[in-house]
Amino acid sequence: MARPHIEPYVELNQPFKKLDLNGFKGSEYKVLSLDVDTGACTLKVQFKNGFKRNPGLSYSDMELFVLEGRVKVGKETWGRGHYAFIPAGMAIGAMSSAQGAEVLLMFNDSEPSFYESDKNHQLALTQAHVSMNSYLDAPWTSGAIVQPAASNGCMIKLLHYDPLSEAITFLYTLTPEFMQDNISYHDCCEESYHIWGTSWMMQFGDLPTGGYFWRPPYINHGSFRSKRGCIAFGRTDSKIHNYFHFNPWSSQAENMARSAAHLYRQRPMMYDWVASDGHNHPHGPEDFEHAHYHDDAQIRHLHGHPPSPIKSK
Amino acid sequence: MAKRVQDKKPKRSKSAMAWLEENIAEQKLRYKAIVKEMDELAPTRARWYKEFLEICQTRGTNVTGDMRRKIAKHEVPKKPKRKDRVVY
(Lines give C-alpha, C1' and ligand atoms only; values in the text may rest on other atoms or scores of the structure.)
Protein backbone atom coordinates (compact mmCIF):
# COMPACT_ATOMS: atom_id res chain seq x y z
CA MET A 1 0.00 0.00 0.00
CA ALA A 2 3.06 2.26 -0.17
CA ARG A 3 2.79 5.27 2.16
CA PRO A 4 -0.56 5.91 3.84
CA HIS A 5 -2.30 9.24 3.65
CA ILE A 6 -0.70 11.28 6.43
CA GLU A 7 -2.50 14.61 6.53
CA PRO A 8 -2.35 16.75 8.49
CA TYR A 9 0.47 15.86 10.87
CA VAL A 10 2.16 18.42 13.09
CA GLU A 11 5.39 16.97 14.37
CA LEU A 12 6.65 19.76 16.63
CA ASN A 13 5.17 18.32 19.83
CA GLN A 14 6.30 14.78 19.09
CA PRO A 15 9.54 13.51 20.71
CA PHE A 16 12.68 12.62 18.78
CA LYS A 17 14.00 9.06 19.06
CA LYS A 18 17.56 7.77 18.84
CA LEU A 19 18.50 6.68 15.32
CA ASP A 20 20.64 3.63 15.97
CA LEU A 21 21.02 2.48 12.39
CA ASN A 22 24.50 2.13 10.90
CA GLY A 23 25.81 5.55 9.85
CA PHE A 24 23.34 7.54 11.91
CA LYS A 25 24.51 6.97 15.49
CA GLY A 26 24.64 10.32 17.24
CA SER A 27 21.45 11.50 15.63
CA GLU A 28 17.75 11.45 16.50
CA TYR A 29 14.70 11.26 14.28
CA LYS A 30 10.97 11.46 13.81
CA VAL A 31 9.20 9.61 11.01
CA LEU A 32 7.01 11.91 8.96
CA SER A 33 5.93 9.17 6.54
CA LEU A 34 7.07 5.67 5.74
CA ASP A 35 6.41 3.31 2.83
CA VAL A 36 5.34 0.07 4.47
CA ASP A 37 6.47 -2.02 1.48
CA THR A 38 9.87 -0.58 0.60
CA GLY A 39 10.89 1.36 3.72
CA ALA A 40 11.21 4.60 1.72
CA CYS A 41 10.68 7.40 4.17
CA THR A 42 10.77 11.05 5.06
CA LEU A 43 12.40 11.80 8.40
CA LYS A 44 13.09 14.87 10.44
CA VAL A 45 16.59 14.29 11.81
CA GLN A 46 18.66 16.07 14.44
CA PHE A 47 22.40 15.58 14.10
CA LYS A 48 23.51 16.10 17.69
CA ASN A 49 26.53 18.23 18.63
CA GLY A 50 29.66 16.37 17.61
CA PHE A 51 27.94 14.01 15.13
CA LYS A 52 30.50 12.36 12.86
CA ARG A 53 30.60 9.62 10.29
CA ASN A 54 33.00 8.43 7.60
CA PRO A 55 32.49 8.80 3.85
CA GLY A 56 29.90 6.45 2.48
CA LEU A 57 26.94 5.70 0.27
CA SER A 58 23.33 4.56 0.42
CA TYR A 59 21.60 2.10 -1.87
CA SER A 60 18.68 4.51 -2.06
CA ASP A 61 18.35 7.91 -3.67
CA MET A 62 18.59 10.36 -0.80
CA GLU A 63 17.43 13.96 -0.42
CA LEU A 64 18.40 16.28 2.40
CA PHE A 65 17.21 19.75 3.31
CA VAL A 66 18.84 21.71 6.15
CA LEU A 67 16.26 23.38 8.40
CA GLU A 68 18.66 24.69 11.05
CA GLY A 69 22.36 24.48 11.91
CA ARG A 70 25.28 23.34 9.81
CA VAL A 71 26.57 20.05 8.51
CA LYS A 72 30.03 19.57 7.06
CA VAL A 73 29.99 17.12 4.15
CA GLY A 74 33.39 16.45 2.64
CA LYS A 75 34.73 19.90 1.78
CA GLU A 76 31.31 21.58 1.74
CA THR A 77 29.41 23.14 4.63
CA TRP A 78 25.65 22.89 4.34
CA GLY A 79 23.70 25.53 6.25
CA ARG A 80 20.05 26.63 6.48
CA GLY A 81 18.26 26.11 3.19
CA HIS A 82 20.84 23.74 1.73
CA TYR A 83 19.35 21.07 -0.50
CA ALA A 84 21.11 17.95 -1.76
CA PHE A 85 20.01 15.10 -3.99
CA ILE A 86 22.39 12.20 -3.66
CA PRO A 87 21.77 9.41 -6.15
CA ALA A 88 21.85 5.83 -4.90
CA GLY A 89 25.39 4.50 -4.87
CA MET A 90 27.08 7.89 -4.89
CA ALA A 91 29.63 8.24 -2.09
CA ILE A 92 29.58 11.47 -0.14
CA GLY A 93 32.37 12.79 2.03
CA ALA A 94 32.68 12.43 5.76
CA MET A 95 29.82 14.11 7.60
CA SER A 96 30.06 16.02 10.84
CA SER A 97 28.17 18.65 12.76
CA ALA A 98 30.06 20.45 15.50
CA GLN A 99 27.09 22.44 16.80
CA GLY A 100 24.29 20.19 15.61
CA ALA A 101 21.77 20.54 12.82
CA GLU A 102 18.15 19.76 12.02
CA VAL A 103 17.31 18.40 8.58
CA LEU A 104 14.63 16.76 6.50
CA LEU A 105 16.10 13.48 5.29
CA MET A 106 14.40 11.44 2.60
CA PHE A 107 15.19 7.95 1.33
CA ASN A 108 13.24 7.34 -1.84
CA ASP A 109 13.83 3.64 -2.46
CA SER A 110 14.32 1.92 0.88
CA GLU A 111 14.80 2.44 4.60
CA PRO A 112 17.80 4.54 5.69
CA SER A 113 21.00 2.78 4.72
CA PHE A 114 24.67 3.64 4.90
CA TYR A 115 27.79 1.76 3.84
CA GLU A 116 31.26 3.14 4.39
CA SER A 117 33.00 3.86 1.11
CA ASP A 118 35.06 6.61 -0.43
CA LYS A 119 34.21 5.44 -3.95
CA ASN A 120 30.98 5.61 -5.92
CA HIS A 121 29.24 2.35 -6.77
CA GLN A 122 30.04 1.54 -10.40
CA LEU A 123 26.34 1.79 -11.32
CA ALA A 124 25.67 5.08 -9.52
CA LEU A 125 23.96 7.73 -11.68
CA THR A 126 26.15 10.48 -10.29
CA GLN A 127 25.12 13.02 -12.95
CA ALA A 128 21.84 13.44 -11.04
CA HIS A 129 23.66 14.84 -8.00
CA VAL A 130 22.47 18.25 -6.80
CA SER A 131 23.96 20.34 -3.99
CA MET A 132 22.82 23.93 -3.63
CA ASN A 133 21.63 26.46 -1.11
CA SER A 134 18.00 26.94 -2.02
CA TYR A 135 17.70 30.19 -0.05
CA LEU A 136 20.70 31.81 -1.73
CA ASP A 137 21.16 30.14 -5.10
CA ALA A 138 17.67 29.55 -6.52
CA PRO A 139 15.26 32.27 -7.68
CA TRP A 140 11.57 32.43 -6.81
CA THR A 141 9.46 31.93 -9.87
CA SER A 142 5.75 31.80 -10.56
CA GLY A 143 3.95 28.75 -9.25
CA ALA A 144 2.22 28.52 -12.62
CA ILE A 145 4.53 25.75 -13.81
CA VAL A 146 1.61 23.80 -15.21
CA GLN A 147 -1.81 24.67 -16.60
CA PRO A 148 -4.31 24.82 -15.03
CA ALA A 149 -2.19 26.86 -12.65
CA ALA A 150 -2.15 27.84 -9.00
CA SER A 151 -3.21 31.42 -8.28
CA ASN A 152 -0.71 34.24 -8.28
CA GLY A 153 0.82 34.50 -4.85
CA CYS A 154 2.07 30.93 -4.97
CA MET A 155 5.76 31.02 -5.86
CA ILE A 156 8.22 28.17 -6.16
CA LYS A 157 11.94 27.41 -6.34
CA LEU A 158 12.59 24.26 -8.31
CA LEU A 159 15.32 22.21 -6.62
CA HIS A 160 15.23 18.86 -8.39
CA TYR A 161 13.58 17.38 -11.48
CA ASP A 162 13.58 13.70 -12.37
CA PRO A 163 13.61 13.35 -16.16
CA LEU A 164 12.01 9.90 -16.11
CA SER A 165 9.07 10.42 -13.77
CA GLU A 166 8.97 14.25 -13.85
CA ALA A 167 8.91 14.13 -10.06
CA ILE A 168 9.95 17.47 -8.63
CA THR A 169 11.34 18.78 -5.37
CA PHE A 170 10.74 22.42 -4.62
CA LEU A 171 10.35 25.17 -2.09
CA TYR A 172 7.07 27.03 -2.25
CA THR A 173 5.73 30.09 -0.61
CA LEU A 174 2.24 31.52 -0.30
CA THR A 175 2.05 35.27 0.08
CA PRO A 176 0.04 36.83 2.93
CA GLU A 177 -3.71 36.83 2.15
CA PHE A 178 -3.23 34.12 -0.46
CA MET A 179 -6.49 32.60 -1.65
CA GLN A 180 -7.47 30.08 -4.27
CA ASP A 181 -11.11 29.11 -4.51
CA ASN A 182 -11.10 25.67 -6.07
CA ILE A 183 -10.54 22.05 -5.11
CA SER A 184 -7.50 20.32 -6.51
CA TYR A 185 -6.14 16.80 -6.88
CA HIS A 186 -3.27 15.24 -8.80
CA ASP A 187 -2.19 11.98 -10.44
CA CYS A 188 0.91 12.01 -8.25
CA CYS A 189 1.64 11.77 -4.55
CA GLU A 190 2.35 15.14 -3.01
CA GLU A 191 4.37 15.91 0.11
CA SER A 192 4.94 19.08 2.08
CA TYR A 193 6.65 20.25 5.24
CA HIS A 194 5.91 23.74 6.53
CA ILE A 195 9.21 25.39 7.42
CA TRP A 196 7.41 28.48 8.65
CA GLY A 197 3.90 29.86 8.58
CA THR A 198 0.38 28.55 8.25
CA SER A 199 -1.74 27.60 5.29
CA TRP A 200 -5.33 26.38 5.33
CA MET A 201 -7.14 23.83 3.23
CA MET A 202 -10.86 23.29 3.38
CA GLN A 203 -10.65 19.54 4.13
CA PHE A 204 -7.94 19.62 6.76
CA GLY A 205 -7.96 23.07 8.38
CA ASP A 206 -4.77 24.91 9.35
CA LEU A 207 -1.33 23.49 8.63
CA PRO A 208 1.07 25.45 10.85
CA THR A 209 4.86 25.62 11.16
CA GLY A 210 6.06 22.02 11.50
CA GLY A 211 2.95 20.78 9.67
CA TYR A 212 3.41 17.95 7.22
CA PHE A 213 1.47 15.89 4.74
CA TRP A 214 2.01 12.94 2.44
CA ARG A 215 -1.01 12.76 0.18
CA PRO A 216 -1.62 9.87 -2.26
CA PRO A 217 -3.06 10.63 -5.73
CA TYR A 218 -6.62 11.79 -6.49
CA ILE A 219 -7.44 13.14 -3.02
CA ASN A 220 -9.29 16.44 -2.79
CA HIS A 221 -7.50 19.39 -1.21
CA GLY A 222 -8.48 23.03 -1.27
CA SER A 223 -9.82 25.63 -1.40
CA PHE A 224 -6.71 27.34 -0.09
CA ARG A 225 -5.90 30.25 2.18
CA SER A 226 -2.85 31.67 3.94
CA LYS A 227 -3.50 34.64 6.21
CA ARG A 228 0.11 35.61 6.95
CA GLY A 229 1.94 33.56 4.35
CA CYS A 230 4.14 30.50 4.64
CA ILE A 231 7.25 28.83 3.23
CA ALA A 232 7.39 25.09 2.74
CA PHE A 233 9.42 22.25 1.27
CA GLY A 234 7.51 20.12 -1.22
CA ARG A 235 7.87 17.07 -3.43
CA THR A 236 5.91 15.02 -5.92
CA ASP A 237 6.69 11.43 -6.91
CA SER A 238 5.80 11.93 -10.59
CA LYS A 239 4.39 14.52 -12.98
CA ILE A 240 2.01 17.00 -11.38
CA HIS A 241 -1.17 18.13 -13.11
CA ASN A 242 -3.74 20.28 -11.35
CA TYR A 243 -7.23 18.90 -11.73
CA PHE A 244 -9.48 21.68 -10.42
CA HIS A 245 -13.17 21.44 -9.65
CA PHE A 246 -15.76 22.57 -7.12
CA ASN A 247 -17.38 19.38 -5.83
CA PRO A 248 -16.36 19.01 -2.17
CA TRP A 249 -17.83 15.52 -1.93
CA SER A 250 -16.19 13.77 -4.87
CA SER A 251 -14.40 10.58 -3.85
CA GLN A 252 -10.90 9.42 -4.72
CA ALA A 253 -12.36 6.87 -7.17
CA GLU A 254 -14.54 9.49 -8.86
CA ASN A 255 -11.58 11.83 -9.16
CA MET A 256 -9.54 9.08 -10.76
CA ALA A 257 -12.27 8.37 -13.30
CA ARG A 258 -12.51 12.10 -14.03
CA SER A 259 -8.76 12.17 -14.69
CA ALA A 260 -9.13 9.29 -17.11
CA ALA A 261 -11.92 11.25 -18.78
CA HIS A 262 -9.49 14.16 -19.15
CA LEU A 263 -7.05 11.81 -20.86
CA TYR A 264 -9.85 10.62 -23.15
CA ARG A 265 -10.60 14.19 -24.18
CA GLN A 266 -7.15 15.75 -24.18
CA ARG A 267 -4.89 12.91 -25.38
CA PRO A 268 -7.28 10.84 -27.46
CA MET A 269 -4.70 8.84 -29.39
CA MET A 270 -2.90 7.83 -26.20
CA TYR A 271 -6.17 6.94 -24.51
CA ASP A 272 -7.27 4.76 -27.41
CA TRP A 273 -3.94 2.98 -27.50
CA VAL A 274 -4.00 2.29 -23.74
CA ALA A 275 -7.68 1.34 -23.66
CA SER A 276 -7.37 -1.04 -26.59
CA ASP A 277 -4.90 -3.18 -24.69
CA GLY A 278 -7.20 -5.22 -22.48
CA HIS A 279 -9.20 -3.13 -20.04
CA ASN A 280 -11.28 -0.44 -21.55
CA HIS A 281 -14.02 2.06 -21.31
CA PRO A 282 -14.63 2.32 -25.05
CA HIS A 283 -16.86 5.35 -24.69
CA GLY A 284 -14.72 7.15 -22.15
CA PRO A 285 -14.71 6.99 -18.34
CA GLU A 286 -17.28 8.65 -16.12
CA ASP A 287 -16.78 12.33 -15.35
CA PHE A 288 -18.93 13.64 -12.48
CA GLU A 289 -18.51 17.18 -13.74
CA HIS A 290 -19.31 16.60 -17.43
CA ALA A 291 -21.63 13.62 -17.39
CA HIS A 292 -22.50 13.79 -21.11
CA TYR A 293 -19.16 14.70 -22.61
CA HIS A 294 -19.14 11.45 -24.61
CA ASP A 295 -21.68 12.99 -26.98
CA ASP A 296 -19.75 16.19 -27.53
CA ALA A 297 -19.07 16.51 -31.26
CA GLN A 298 -15.43 17.49 -30.84
CA ILE A 299 -14.77 14.64 -28.40
CA ARG A 300 -16.40 12.15 -30.75
CA HIS A 301 -14.31 13.52 -33.58
CA LEU A 302 -11.10 13.17 -31.57
CA HIS A 303 -11.80 9.46 -31.18
CA GLY A 304 -12.65 8.93 -34.81
CA HIS A 305 -16.34 8.47 -34.17
CA PRO A 306 -18.83 9.85 -36.64
CA PRO A 307 -20.82 12.88 -35.61
CA SER A 308 -24.12 12.17 -33.90
CA PRO A 309 -26.78 11.81 -36.54
CA ILE A 310 -29.02 14.78 -36.99
CA LYS A 311 -32.47 13.80 -35.87
CA SER A 312 -35.19 14.98 -38.18
CA LYS A 313 -38.17 16.54 -36.48
CA MET B 1 19.08 6.24 -16.95
CA ALA B 2 17.63 3.12 -15.41
CA LYS B 3 18.25 2.76 -11.71
CA ARG B 4 20.41 -0.29 -11.18
CA VAL B 5 22.22 0.34 -7.92
CA GLN B 6 19.07 -0.37 -5.96
CA ASP B 7 18.92 -3.87 -7.44
CA LYS B 8 22.35 -4.59 -5.96
CA LYS B 9 21.55 -3.55 -2.43
CA PRO B 10 22.61 -5.91 0.35
CA LYS B 11 19.99 -7.92 2.19
CA ARG B 12 18.08 -5.91 4.78
CA SER B 13 19.74 -6.30 8.19
CA LYS B 14 17.94 -7.47 11.32
CA SER B 15 18.32 -4.03 12.89
CA ALA B 16 16.81 -2.39 9.78
CA MET B 17 13.93 -4.87 9.87
CA ALA B 18 13.29 -4.12 13.53
CA TRP B 19 13.43 -0.38 12.82
CA LEU B 20 10.86 -0.79 10.06
CA GLU B 21 8.49 -2.88 12.16
CA GLU B 22 8.63 -0.42 15.04
CA ASN B 23 7.98 2.59 12.84
CA ILE B 24 5.27 0.97 10.73
CA ALA B 25 3.40 0.14 13.95
CA GLU B 26 3.74 3.73 15.16
CA GLN B 27 2.61 5.08 11.80
CA LYS B 28 -0.57 2.99 12.01
CA LEU B 29 -1.39 4.68 15.31
CA ARG B 30 -0.60 8.09 13.84
CA TYR B 31 -2.89 7.40 10.89
CA LYS B 32 -5.74 6.38 13.21
CA ALA B 33 -5.29 9.55 15.26
CA ILE B 34 -5.40 11.66 12.09
CA VAL B 35 -8.61 9.96 10.90
CA LYS B 36 -10.21 10.57 14.31
CA GLU B 37 -9.15 14.22 14.33
CA MET B 38 -10.47 14.73 10.80
CA ASP B 39 -13.76 13.00 11.66
CA GLU B 40 -14.17 15.39 14.59
CA LEU B 41 -13.65 18.31 12.23
CA ALA B 42 -16.65 17.24 10.09
CA PRO B 43 -19.22 19.78 11.42
CA THR B 44 -16.79 22.67 10.90
CA ARG B 45 -15.84 21.33 7.49
CA ALA B 46 -19.51 21.20 6.47
CA ARG B 47 -19.72 24.93 7.19
CA TRP B 48 -16.53 25.53 5.15
CA TYR B 49 -18.04 23.61 2.21
CA LYS B 50 -21.16 25.77 2.39
CA GLU B 51 -19.10 28.98 2.41
CA PHE B 52 -16.96 27.68 -0.46
CA LEU B 53 -19.98 26.95 -2.64
CA GLU B 54 -21.36 30.40 -1.90
CA ILE B 55 -18.05 31.97 -2.96
CA CYS B 56 -18.07 29.89 -6.17
CA GLN B 57 -21.49 31.40 -7.01
CA THR B 58 -20.62 34.99 -6.09
CA ARG B 59 -16.91 35.70 -6.61
CA GLY B 60 -16.35 32.59 -8.70
CA THR B 61 -14.12 29.54 -8.60
CA ASN B 62 -10.53 29.67 -9.88
CA VAL B 63 -10.43 27.92 -13.24
CA THR B 64 -6.72 28.50 -13.83
CA GLY B 65 -4.48 31.00 -12.08
CA ASP B 66 -6.58 34.02 -11.15
CA MET B 67 -9.16 33.42 -13.88
CA ARG B 68 -12.51 32.89 -12.15
CA ARG B 69 -15.89 31.63 -13.24
CA LYS B 70 -19.12 32.03 -11.32
CA ILE B 71 -20.99 28.77 -11.16
CA ALA B 72 -24.73 28.76 -11.72
CA LYS B 73 -27.14 27.50 -9.10
CA HIS B 74 -27.96 24.37 -11.11
CA GLU B 75 -24.24 23.48 -11.22
CA VAL B 76 -23.86 23.43 -7.43
CA PRO B 77 -23.07 19.83 -6.49
CA LYS B 78 -25.44 17.97 -4.18
CA LYS B 79 -24.17 16.27 -1.06
CA PRO B 80 -24.26 12.49 -1.62
CA LYS B 81 -25.78 10.16 0.99
CA ARG B 82 -22.47 8.46 1.74
CA LYS B 83 -20.22 9.68 4.54
CA ASP B 84 -17.83 12.41 3.46
CA ARG B 85 -14.25 11.17 3.54
CA VAL B 86 -11.13 13.35 3.40
CA VAL B 87 -8.42 10.92 4.60
CA TYR B 88 -7.90 7.77 2.51
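Predicted model: local features only at pLDDT ≥ 70, side-chain atom pairs only at ≥ 80, totals over all residues.
# Strands, domains and a chain contact

Me: How many bridges join strand E16 to strand E17 of chain A?
Reply: Two strands pair if DSSP finds at least two bridges between them. E16 covers residues 154–161 and E17 residues 168–174, and they run antiparallel. The number of bridges joining them is seven.

Me: Which strands stand at the edges of the open sheet in chain A?
Reply: Seven strands of chain A form an open antiparallel sheet, in the order E1-E23-E20-E25-E17-E16-E15. Each edge strand has a single partner, so one side of it is left without a neighbour in the sheet. The edge strands of chain A are E1 and E15 (141–142).

Me: Which strand gives the largest share of the side of domain 1 of chain A that touches domain 2 of chain A?
Reply: The domain assignment (automatic or from a database) gives domain 1 (6–135), domain 2 (141–245) and domain 3 (252–302) in chain A. Contact means C-beta atoms, placed from the backbone, within 7 Å; 18 residues of domain 1 of chain A touch 18 of domain 2 of chain A. E1 (6–10), E3 (27–34), E7 (62–69) and E10 (82–86) of chain A each supply at least two residues of the domain 1 side. The largest share, five residues, comes from E1(A).

Me: Which element gives the largest share of the side of chain B that touches chain A?
Reply: The contact takes 42 residues from chain B and 47 from chain A. On the chain B side, helix H1 (14–40), helix H2 (42–58) and strand E1 (61–64) give two or more residues each. The largest share, twelve residues, comes from H1(B).

Me: How far apart are the end C-alpha atoms of H2(B)?
Reply: The expected span of a helix is 1.5 Å times one less than its number of residues. H2(B) has 17 residues, so the expected span agrees with the distance between its end C-alpha atoms. That distance is 24 Å.

Key: Residues numbered from 1 in each chain as written. Chains lettered and ligands numbered in written order. Contact = placed C-beta atoms within 7 Å. Helix = DSSP H or I, 4+ residues; strand = E, 2+ residues; numbered from the N terminus.
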